[in-house]
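Here is a short report on one protein model. It goes from terms and confidence to two residues and their surroundings.

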Amino acid sequence: MRFLFVSALLVYGFSFVITEVVDSFSTCSDFFLNGNPPVIPGILQKSASASASASASASASASVQENNRYKQICQKYQNAYKFATLYDTTNKIPVFSAYRYTGYYTGDPPPSPWMIESQAFIGDYWAQPKKQAQLDRGQLFPNSHAADEITAESTFTLTNTVPQYENFKNKNWIPMEETVRSTMNSHCRDKDNADNILAYVLTGAVPSPANLLNERVNIPLNMWTVFCCYNHSTKTWMSQAHWAENKDSNENPINAKKLEKFYADFMQKKYGAGSILFDVDCSEFVNKGK
């Protein structure tokens, strides 16, 4: 197990997040449905030792295609794992973050303790070229989806962050995150306990060919997010997917899509055929209106 050098500068002192670079997501497999990470062609594939009948810890064995570029990270904060991230060290942005949604923290928002890491730097976001449209830090695991204050704080790490255009983030992506949160609250439950909210969420970014912030950090071309959860009313696994172009515009509505359409119209075009995000049939569409 290896560690990225990480320190967290808080508003009222110092704290630390441990960004564990692991050989396998089995260390933090709880953030993936049935313990199985996604399969993304050319980036992340199922380990040859994993099988359909393997245990959850073994099933979580996944291998990256380029070990020197893509890093499997278990995000640890306050002595507990909070979420998982697949990180692209070349583009200095995450490929995706994975987390379990179990409800959201309703207290005062935590201060913004941005974690300063050895990949991207906080200065990359503060000192922006005047000729470049204004960009902001966009979280893949948003603090608004965190179940408690400590987990909300843990999301402020740059390995969970990509540059988002401010107009897109504030007028499109954040409202979508709020809508998805409401949908998961109303429809998603733990299969073994209908009283508990539970959804498995994957949120990712597709890097642009050559659009960089401060000539260092890739500005993603697209953002995407998808969740899968169990619905006790229908006794089925259900999902919703959203994707949009990250651009300097507030006229970029993000609509909920069926998982099959998400695979056909987005994943296969951006990553290639063979993407598998969940190992159960989540094809039934979560309709917020029902």
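A contact means heavy atoms within 4.5 Å. With that in hand, R181 touches Y101, Y104, S144 and H145, not counting residues up to four places away in sequence.

This is a predicted model: local features need pLDDT of at least 70, side-chain atom pairs count only at pLDDT 80 or more, and totals for chains, interfaces and linings use all residues. Residues are numbered from 1 along each chain as its sequence is written, and side-chain values use heavy atoms, with hydrogens and water left out.

**Confidence**

pLDDT is the predictor's confidence in each residue, from 0 to 100. The protein averages 86, and 81% of the residues score at least 70.

| Stretch with pLDDT under 50 | Contacts beyond four places in sequence |
|---|---|
| residues 3-14 | 35 contacts |
| residues 50-58 | eight contacts |

Where pLDDT is low, the predicted coordinates should not be read in detail.

**Overall build**

The protein has five helices and 18 strands. Both are DSSP runs, numbered from the N terminus: helices are H or I with at least four residues, strands are E with at least two. Of the 290 residues, 53% count as buried. Buried means under 20% relative accessible area, exposed over 50%, partly exposed in between (1.4 Å probe, protein chains only). Among contacts between residues at least 6 apart in sequence, 65% join residues at least 24 apart.

**R181**

R181 lies in helix α4, residues 166-187. A polar atom of the R181 side chain does lie 3.2 Å from the backbone oxygen of S144. A polar contact is a pair of N or O atoms within 3.5 Å; within protein, one must be able to donate a hydrogen and the other to accept it, and residues adjacent in sequence count only if both atoms are side-chain atoms.

**S239**

S239 is found in strand β17, residues 236-245. S239 counts as buried because its relative accessible area is 1%. Its side chain reaches the backbone oxygen of C282 at 2.5 Å. Leaving out residues up to four places away in sequence, S239 touches F227, C228, L259, C282, E284, F285 and V286. S239 and A199 are 40 residues apart in sequence and 9.1 Å apart in space, C-alpha to C-alpha.
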